[in-house]
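Thanks for coming. I have one structure for today and will go through it piece by piece. Please have it open while I talk.

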Amino acid sequence: MHSPLSATVVISTYNQPDWLKLVLHSYDIQTTGNFEIIIADDGSDEATRRVIEDFKKSTSLKIIHLWQEDDGFQKTKVLNKAIVASKTDYLIFTDGDCIARNDFVETHLKLRKPNLALSGGYFKLTESISFKMNKDIVESQKCFDMDWLLEQGQPKSFKLNKLTKSRHKASILNHITPTKATFDGMNVSCWKNDILAVNGFDERMEYGGEDREVGERMMNNGVRFKQARYSTICVHLYHDRPYKNKNAEVLNLQIRQETKKNKSTYTKFGIFK
């Protein structure tokens, strides 16, 4: 008898099959297997579908591939579809270019509390280290090892503390960090009911702050956001951002300002129209 699943990991992706392959592998070696994965795919081509099909054959995890037609940057739409499709009451959102440390899901689950969202971070790998990544490095967890990264040429910086293995140190750093706890789509978790209550993502929004905005409505609706950037660990693989778009950024900013001014707790442009 299978125990009911505790969480849904929603991984958004668009045409990065090589990165997605490594990211999916990082979920196959988690310290808990008690979760499903929904790949929220904003119109990738055949290469991504093949990566997912191959992974399905090699894993015991439940995998759902939610694909929509490529029609420009429509990530908010596919994320809303993923929220609706999820079979559990707790959602962890991340991206298809963020490799999760093997305790990532377990830590999100351990730290969850009613009426709370967990705001994680990521550690950015350099371009040259990103292209050295392979399944063995993910399997051995070397990509989370400060010494190994420094040997490979990762610059030394305070940000390396984001890879700490010490729970005590993580807890202190989460407490003192000046970074505000927000809804950052590459590493955030919340209760499904809490995101449904604000009607999910605003589908008018393209790239730039679209994740922050849903978090702002959740905060206006009484959900507390807690800093977990030193506890829920993932590393971000290097890539360009060709979908950056000035007009979208202006519109997104306008929507966020309205949300702030009106203390909005709901969007008419979300899951339920």
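**Cysteines, strands and a helix pair**

I start with the cysteines. The sulfur of Cys98 has its closest cysteine sulfur in Cys234, 4.4 Å away, which is too far for a bond. Keep in mind that this is a predicted model. Seen from the other end, Cys234 likewise has Cys98 as the closest cysteine sulfur, at 4.4 Å, again too far for a bond. A disulfide is a covalent bond between the sulfur atoms of two cysteines. The cut-off used here for such a pair is within 2.5 Å, and the count comes to zero disulfides.

What is the order of its strands? It is E5-E10-E7, an open sheet of three strands with mixed pairing. Strand E5, residues 98–100, and strand E7, residues 123–124, are at the edges, and each has a single partner strand, so one side of each has no neighbour in the sheet. E7 pairs with E10 in the parallel sense, over two bridges. In that pairing Phe123 has Val235 of E10 as its bridge partner.

Is Ser231 buried or exposed? With a relative accessibility of 13%, Ser231 counts as buried. Apart from neighbours within four places in sequence, its contacts are Arg101, Thr107, Leu111, Ala170 and Asn174.

Strands of a sheet pair through backbone hydrogen bonds, either parallel or antiparallel. Strand E4 covers residues 90–95, and six of its six residues are buried, so E4 is largely enclosed by the rest of the structure. In a regular strand the side chains alternate between the two faces of the sheet. For E4, one side carries Tyr90, Ile92 and Thr94, the other carries Leu91, Phe93 and Asp95, and all of these are buried.

Which strands does E4 pair with? One of them is strand E1, residues 7–13, in the parallel sense over five bridges. Val10 is opposite Phe93 of E4 there. Another is E8, joined to E4 by five bridges and running antiparallel to it. In that pairing Ile92 is opposite Ser189 of E8.

E8 also pairs with E6: two bridges join them, and they run antiparallel. Here Ser119 is opposite Val188 of E8. E6 has a parallel pairing too, with strand E9, residues 224–227, over four bridges, and Leu118 is opposite Lys226 of E9. Both faces of E6, residues 116–119, are covered, with Leu116 and Leu118 buried on one side and Ala117 and Ser119 buried on the other.

That leaves the helices. Two packed helices are described by the angle between their axes and the distance between the axes. For helix H10, residues 210–220, and helix H11, residues 246–261, the angle is about 5 degrees and the axes are 10 Å apart. That angle makes H10 roughly parallel to H11. On the H10 side the contact is made by Glu210, Arg212, Glu213, Glu216, Arg217 and Asn220, and on the H11 side by Asn252, Ile255, Arg256 and Thr259. How do these residues divide by class? The contact of H10 with H11 has one nonpolar, three polar and six charged residues.

H10 has other partners. Its buried residues are Glu210, Asp211, Glu213, Val214, Gly215, Arg217 and Met218. Those residues pack against helix H3, E8, helix H9, E9 and H11. After H10 comes Gly222, with a positive phi near 95 degrees.

Last, some backbone angles. Most residues other than glycine have a negative phi, and most peptide bonds are trans. Asn199 is not a glycine and has a positive phi of about 70 degrees. It is in the loop between H9 and H10 and is buried, at 0% relative accessibility. Lys263 is another residue other than glycine with a positive phi, near 45 degrees. Lys263 lies in the segment after H11 and is exposed, with a relative accessible area of 62%.

That is the list. Questions are welcome.

How values were computed:
Residues numbered from 1 in each chain as written. Predicted model: local features only at pLDDT ≥ 70, side-chain atom pairs only at ≥ 80, totals over all residues. Heavy atoms only, no water. Axes fitted to C-alpha atoms, helices over the stretch in contact; angles between N-to-C directions. Parallel < 35°, antiparallel > 145°, perpendicular 65-115°, else oblique. Contact = heavy atoms within 4.5 Å. Nonpolar A, V, L, I, M, F, W, Y, C, P; charged D, E, K, R; others polar. Buried < 20%, exposed > 50% of the residue type's maximum accessible area, 1.4 Å probe, protein only. Pairing = 2+ DSSP bridges.
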